[in-house]
Amino acid sequence: AWSMTPVVTGFVACNDRESFTKLYAVYTKLITTITAPMCLLLVLLAQPLLRFWVGPAFEIAGRMMPVLMIPIFIMVPYSISGCITNAYAKIKFPSRMGFVFTVLYLALAYVLSGPVSMGMMGIAIASAIGTASFATLHAYYASRIASLSFMHYFKTAYAKPMLWSAAVIGG
């Protein structure tokens, strides 16, 4: 997505709202349509794929992969949000937000892996929650600074392609 930064910045600088809005939606739709089916397949086939590829010694990786794929569903399609915050020179909040989410992730990882006794799976769950939450909040913030409706963007650019992918994979 970072390769889109000059294009997004150009649209913002020229106040070309129509092109900017279209790029934001089309990019997210395209990336969601491409990545979601692959991610869904990896979620469904993680254990047999890893067992075949590296053997039974890495069985825990097969159980953790579906959890670790959750943020990929969210993070990759929303990656253009970083281009938007850069184009508007509004990086202070996402930077601070990243720091806060890192601290929260470390605390949650500690609690889930230690006192709750979930081990590596607890760390994976904490990572998934932290990364997915940060990506969603960042996309919301990018929509807000660009004066776009996040709900409209979410429904049309993300949810529809995600549902299509689920239907294709599900049969």
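I count a contact when heavy atoms lie within 4.5 Å.

**Ground rules.** I'm working with a predicted model, where local features need pLDDT of at least 70, side-chain atom pairs count only at pLDDT 80 or more, and totals for chains, interfaces and linings use all residues. Numbering starts from 1 along each chain as its sequence is written, and side-chain values use heavy atoms, with hydrogens and water left out.

**Ser 81.** I started here. Ser 81 sits in helix α4 (helices are DSSP runs of H or I, at least four residues, numbered from the N terminus). I find Ser 81 buried at 1% relative accessible area; buried means under 20%, exposed over 50%, partly exposed in between, using a 1.4 Å probe and protein chains only. Leaving out residues up to four places away in sequence, Ser 81 touches Tyr 24, His 138, Ala 139 and Ala 142.

**Aromatic pairs.** I looked up the ring pairs next and got 12 in the structure. Rings of Phe, Tyr and Trp (its six-membered ring) pair if their centres lie within 6.5 Å; planes under 30 degrees apart are stacked, over 60 edge-to-face, the rest tilted. Tyr 24 and Tyr 153 have ring centres 4.1 Å apart and planes at 10°, so I log them as stacked. Tyr 24 belongs to α2 (residues 17–54) and Tyr 153 to α7 (residues 150–170), so this pair ties together parts 129 residues apart in sequence. Tyr 24 is buried at 2%, and Tyr 153 is buried at 4%.

Phe 101 and Phe 134 make an edge-to-face pair, 5.9 Å centre to centre with 75° between the planes. That pair links α5, which holds Phe 101, to α6, which holds Phe 134, across 33 residues. Phe 101 is buried at 19%, while Phe 134 is partly exposed at 24%.

Which residues do ring pairs link into a cluster? I noted Phe 20, Tyr 24, Tyr 78, Tyr 88, Tyr 140, Phe 150, Tyr 153, Phe 154 and Tyr 158.

**Largest pocket.** Last, I checked the largest pocket, which holds about 250 Å³. A pocket is an open set of points on a 1 Å grid over the protein atoms alone, where a 1.4 Å probe fits, with protein on both sides within 12 Å along at least five of seven lines; lining residues have an atom within 4 Å of a point. The volume is the space filled by probe spheres set on the points, which are joined across faces, edges and corners. I count 14 lining residues, with Trp 2, Ser 79, Gly 82, Phe 134 and His 138 nearest the centre. The largest share, 4 residues, comes from α6.

Note on methods:
Helices (H or I, at least four residues) and strands (E, at least two) are DSSP runs, numbered from the N terminus.
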